[in-house]
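I opened a new page for this structure. I wanted to look up its sheet and its pockets.

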Amino acid sequence: MSYKDNQFSVNDQVIHCREGLSVIYDTSNMGDRDYFLVKANRGSGETIYVPFATATNIIRHLMNRDEADDLLRFMKGIEKNFNPNTKQRRDGYKRSLASGDIKEIATLSRHLYFFNELGPDNGEIKLGPVDLDMLEYADNMLMDELAIAYQISREEINNFINNRIDSI
């Protein structure tokens, strides 16, 4: 498969399933395999090699505004539901993050919203630092993408999203 046959191009902004907002900055051939060279916007700036053959399993194009609105409609329907079993909850969070599925990431983001709205002494569930790290990671990944989809600054996106979910 050649670079031209793939749905991705150099300079495309993409979402990497583990790293979030990223950019394809080049292509490379090693042996008999072609790769996209990807740099995540967050993190150490290391190059991530994404094989052409499995690229759609690892990276995806950014949402457009209509897709973002559809996702917010989905998010509006998410209910507050924290698993009280710490191990099961954390395993579920890890699976959701590893999946790269935007709805799974959105669900984690919404859980962070619910937790913040209820406050840490909500009487229902105690989330530890590991839980919060995973929820915040998912939230940052999602908000980075939504800021681009809605063409709003990263600083303003949280308020915009909360208001938009309420108005949908």
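My entries below cover the sheet, then the pocket.

**Entry 1: the model.** I noted at the start that this is a predicted model.

**Entry 2: the sheet.** I looked up how the strands are arranged. Five strands make up an open sheet. I read their order as β4-β3-β2-β1-β5, with antiparallel pairing. Next I checked the edges. They are β4, residues 47-51, and β5, residues 59-61. Each of these edge strands pairs on one side only. I also looked up the twist, which averages 50 degrees from one strand to the next.

Entry 3: Strand β2 covers residues 20-30, and strand β3 covers residues 33-40. How many bridges join β2 to β3? I found eight, and the two strands run antiparallel. I then followed Ser28 across to β3, where its bridge partner is Tyr35.

**Entry 4: the largest pocket.** I turned to the pockets. The largest pocket has a volume of about 180 Å³. It is lined by 13 residues. Closest to its centre are Ser109, Tyr113, Asp139, Asn158 and Asn162.

**Entry 5: the lining.** I asked which helices supply the lining of the largest pocket. At least two residues each come from α4 (102-118), α5 (129-150) and α6 (157-167). Which helix gives the most to this lining? I found that α4 does, with six residues. Last, I sorted the lining by class. It has six nonpolar, four polar and three charged residues.

Note on methods. Residues are numbered from 1 along each chain as its sequence is written. This is a predicted model: local features need pLDDT of at least 70, side-chain atom pairs count only at pLDDT 80 or more; totals for chains, interfaces and linings use all residues. Side-chain values use heavy atoms; hydrogens and water are left out. On a 1 Å grid over the protein atoms alone, a cavity is a set of points where a 1.4 Å probe fits but cannot get out, and a pocket is an open set with protein on both sides within 12 Å along at least five of seven lines; lining residues have an atom within 4 Å of a point. Grid points are joined across faces, edges and corners, and a volume is the space filled by probe spheres set on the points. Helices (H or I, at least four residues) and strands (E, at least two) are DSSP runs, numbered from the N terminus. Ala, Val, Leu, Ile, Met, Phe, Trp, Tyr, Cys and Pro count as nonpolar, Asp, Glu, Lys and Arg as charged, and the others, Gly among them, as polar. Two strands pair if DSSP finds at least two bridges between them. Axes are lines fitted to C-alpha atoms, for helices over the stretch in contact, and angles run from 0 to 180 degrees between N-to-C directions.
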